[in-house]
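Hi,

Here is the structure I said I would pass on.

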Amino acid sequence: YANDLFDFGRYFNANQQPDSALHYYQLARDIVESSNFENKAYFIGLIKGNIAEAFIQQDKYDEAIPLLKEDYVASLRAKDYLNSANKLNLLAYCEMKVNELDNALRHLQGVKELTTPEESPDIYYTNSLYLSQTFGALKQYDSAFYYARKHIIQTDSISSRRSLKRSANLS
């Protein structure tokens, strides 16, 4: 039942309805916290990370930051490195928004320790964009340009793959 409530929350989050998402995430969290749920700490971490995503939609970055940190740690402990890398990107995004640029940079650079561009191109795509923005905000323009260029190359690569896939589907 907690999984279903969590999925409802994800549905509302994906449809830009953070208030509804928060309601379902809280119901799921209450059930998990009051039971002997398998992988309890990990699942609570995931719920908190998704609550943070709803807060981000509401521009509540300061509230999202501690929840993203908890999800990151829970995912690391569960060896879910892709979720950990994704949360570091989101954490850095929030830190950029509240002008914690040194923390943002540290977290963005940590993504490379968790995954590879081949394993998770979407995570690296987002990471290169945020690195460019963070370096720009830090007035480190050579690095900002380097990551902006990387982001553009990744954009072109993703577009090429999509075009190839569409062509293959038409055949």
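**Overall layout**

Keep in mind that this is a predicted model.

**Helix packing**

As you know, a pair of packed helices is described by the angle between the axes and the distance between them.

Let's take α3 with α4. Their axes come within 8 Å and cross at roughly 155°. An angle over 145° counts as roughly antiparallel, and α3 and α4 are therefore roughly antiparallel to each other. The crossing of α3 past α4 is left-handed. On the α3 side, the contact is made by Ala41, Tyr42, Gly45, Leu46, Lys48, Gly49, Ile51, Ala52, Phe55 and Ile56. They meet Tyr61, Glu63, Ala64, Leu67, Leu68, Glu70, Asp71, Ala74 and Ser75 of α4. Sorted by class, this contact of α3 with α4 has 12 nonpolar, 3 polar and 4 charged residues.

Next comes α4 (residues 61-77) with α5 (residues 81-97), whose axes come within 9 Å and cross at roughly 160°. That makes α4 roughly antiparallel to α5. The crossing of α4 and α5 is left-handed. From α4, the residues in contact are Tyr61, Ala64, Ile65, Leu68, Lys69, Asp71, Tyr72, Ser75 and Leu76. Facing them in α5 are Tyr81, Asn83, Ser84, Lys87, Leu88, Leu90, Leu91, Tyr93, Cys94, Glu95 and Lys97. The residues of the contact of α4 with α5 split into 12 nonpolar, 3 polar and 5 charged. Tyr61, Ala64, Leu68, Asp71 and Ser75 of α4 are listed both in the contact with α3 and in the contact with α5.

Then there is α5 with α7. These two pack at an angle of about 25°, with their axes 10 Å apart. That makes α5 roughly parallel to α7. Here too, α5 passes α7 in a left-handed crossing. The α5 side of the contact consists of Leu82, Ala85, Asn86, Asn89, Tyr93 and Met96, while α7 brings Ile123, Thr126, Asn127, Tyr130, Gln133 and Thr134. What is the make-up of the contact of α5 with α7, by class? Its residues divide into 6 nonpolar, 6 polar and no charged.

**The largest pocket**

The largest pocket has a volume of about 180 Å³. Its lining is made up of Glu53, Ile56, Asn86, Asn89, Leu90, Asp122, Ile123, Thr126 and Tyr130. The elements that give two or more residues to this lining are α3 (40-57), α5 and α7 (121-137). The largest share, 4 residues, comes from α7. By class, the lining of the largest pocket has 4 nonpolar, 3 polar and 2 charged residues. If you go back to the α5 and α7 contact, you will find Asn86, Asn89, Ile123, Thr126 and Tyr130 there, and these residues also line the largest pocket.

**The cavity**

How many cavities of 30 Å³ or more are there? The count comes to 1. About 40 Å³ of space lies in the largest cavity. Lining the largest cavity are Lys112, Tyr124, Asn127, Ser128, Leu131, Tyr147, Lys150 and Gln154. Here the elements that give two or more residues are α7 and α8 (141-170). α7 gives the most to the lining of the largest cavity, with 4 residues. By class, that lining has 3 nonpolar, 3 polar and 2 charged residues. Asn127 lines the largest cavity and is also one of the α7 residues in the contact with α5.

That's everything from my side for now.

Cheers

Note on methods: Residues numbered from 1 in each chain as written. Predicted model: local features only at pLDDT ≥ 70, side-chain atom pairs only at ≥ 80, totals over all residues. Heavy atoms only, no water. Axes fitted to C-alpha atoms, helices over the stretch in contact; angles between N-to-C directions. Parallel < 35°, antiparallel > 145°, perpendicular 65-115°, else oblique. Left-handed = near helix turned anticlockwise from the far one by under 90°. Contact = heavy atoms within 4.5 Å. Nonpolar A, V, L, I, M, F, W, Y, C, P; charged D, E, K, R; others polar. 1 Å grid on protein atoms, 1.4 Å probe; cavity = no way out; pocket = protein on both sides within 12 Å on 5 of 7 lines; lining within 4 Å. Points joined across faces, edges and corners; volume = space filled by probe spheres on them.
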